[in-house]
Amino acid sequence: MSNLTESLKNNIKTGWESPSNIALVKYWGKYDNQLPQNPSVSFTLSTAATRTFVTYSESNHEGMDVSFLFDGHENAPFKSRIEKFLNQMSSEYFPFLKNGHIAIETSNSFPHSSGIASSASAMSALALCLCDIENSLNGNTTFSDAFFRKASFISRLASGSACRSVFPLMAVWGLVPTVAGSSEEWAIGFSEDIHPVFHNFHDDILIISPNEKSVSSSAGHQLMENNPYAPARYTQAGDRLKTLLVAIRDGDIDTFGKITEAEALTLHALMMCSDPAYILMEEGSLTVIKKIQKFRVETGIPVWFTLDAGPNVHVLYPADADQQVQSFIISELKPYCHEGKIIRDKVGTGPKKIS
Ligand code: DP6
């Protein structure tokens with residue numbers, strides 16, 4: 001082995017910026033090792049993203065040594081989650097991690113206390129860095145479809161929804177008979193059968209509350225195991241997804257909106273009929289949802305909402321309605337946002353290598 005290869009092996013640095021995504025048909029319920037009970041589909045976002053840099057150096061002693069900085073500061077709970085994940089990955093997928101020093105520096109583009117679920121962007125950014133280091137160790141310099149598939153697979157093991165973040169525009173995760181190549185093990189990019197109106201669809205995220213959720217997503221997935229409505233829900237998700245993809249291909253915003261809103265409400269209904277039952281929406285969430293629906297009916301402007309597993313509301317609308325929707329949001333919805341916080345986001349082009 002040449003000296004150059006030796007020195008590369010001991011100081012491989014990579015950086016990726018990876019976006020968050022918003023599910024239109026939701027993943028809620030899983031089995032075995034992070035496999036989804038039903039297929040899901042999402043928009044890849046662009047503004048809400050995580051930037052992660054990883055430096056890998058092989059060490060001559062046994063064991064992994066991890067240093068971790070979040071926004072330039074140590075963060076013990078985050079570090080221990082990452083360490084646990086890296087340990088799992090080292091036994092099966094990335095043996096080079098076993099005796100290496102791994103220095104991770106990460107930061108989010110969105111404010112700390114925005115209540116935005118950052119696991120999709122954070123875990124996909126980390127997965128991309130790990131796959132990139134493996135690529136370098138194997139002497140590969142290109143990023144093939146197989147590279148992104150593995151990144152999606154690894155992201156899924158860290159956090160299910162993260163597997164959908166590594167593709168431009170949209171991603172499908174789970175088995176869908178009408179989508180060739182779809183899989184439960186990884187997401188696949190879905191960028192061909194999308195009507196142009198959805199290519200730059202807007203998603204303004206209203207921060208209703210920045211507080212930590214009372215029930216985590218992982219706990220929520222687990223509660224689906226005894227939810228009496230679960231079997232019907234899983235069938236419904238598959239049916240809705242099929243109809244939604246046709247609407248997205250045809251530019252049928254009405255059908256798109258109806259399914260998207262129904263999915264958001266179903267997700268929260270499933271929480272409310274779990275045992276124990278719980279509610280993650282706040283009063284403000286309900287108020288803005290009703291205002292969005294009223295505005296749509298009164299003006300005919302196609303603006304719709306969705307929710308993730310929390311109180312924040314995503315306002316979805318086509319780019320050409322931007323001006324009217326902006327004045328509506330500022331005058332009618334902003335007062336219900338925590339400190340007036342809104343993240344203006346839209347459909348994005350996927351992750352970027354930044355180092
Ligand atoms: C409501 O991906 O956060 O956002 O796999 O346990 O990490 P884990 O769960 P997570 O669940 C996301 C649930 C959701 C819907 C979705 O993104 O599809």
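How many salt bridges does the rule find across the interface of domain 1 and domain 2? The rule finds 0, a salt bridge being a side-chain nitrogen of Lys or Arg within 4 Å of a carboxyl oxygen of Asp or Glu. This is a predicted model, in which local features need pLDDT of at least 70, side-chain atom pairs count only at pLDDT 80 or more, and totals for chains, interfaces and linings use all residues. Residues are numbered from 1 along each chain as its sequence is written, and side-chain values use heavy atoms, with hydrogens and water left out.

**Domains**
- The protein is divided into domain 1 (3-193) and domain 2 (200-346), with bounds from an automatic or database domain assignment.
- Between the C-alpha centres of the two domains the distance is 25 Å.

**Extent of the interface**
- Contact (heavy atoms within 4.5 Å) takes 34 residues from domain 1 and 43 residues from domain 2.
- About 3,100 Å² is buried between the domains, and carbon and sulfur atoms give 71% of this area; buried area is the accessible area (1.4 Å probe) that two parts lose on being put together, summed over both.
- L24, K26 and W28 lose the most area in domain 1 to domain 2, together 26% of what that side buries.

**The domain 1 side**
- Strands β1 (12-25), β4 (40-58) and β7 (170-173) are the elements that each give two or more residues to the side of domain 1 touching domain 2; strands are DSSP runs (E, at least two residues), numbered from the N terminus.
- β4 provides the largest share of that side, 8 residues.

Methods:
Helices (H or I, at least four residues) and strands (E, at least two) are DSSP runs, numbered from the N terminus.
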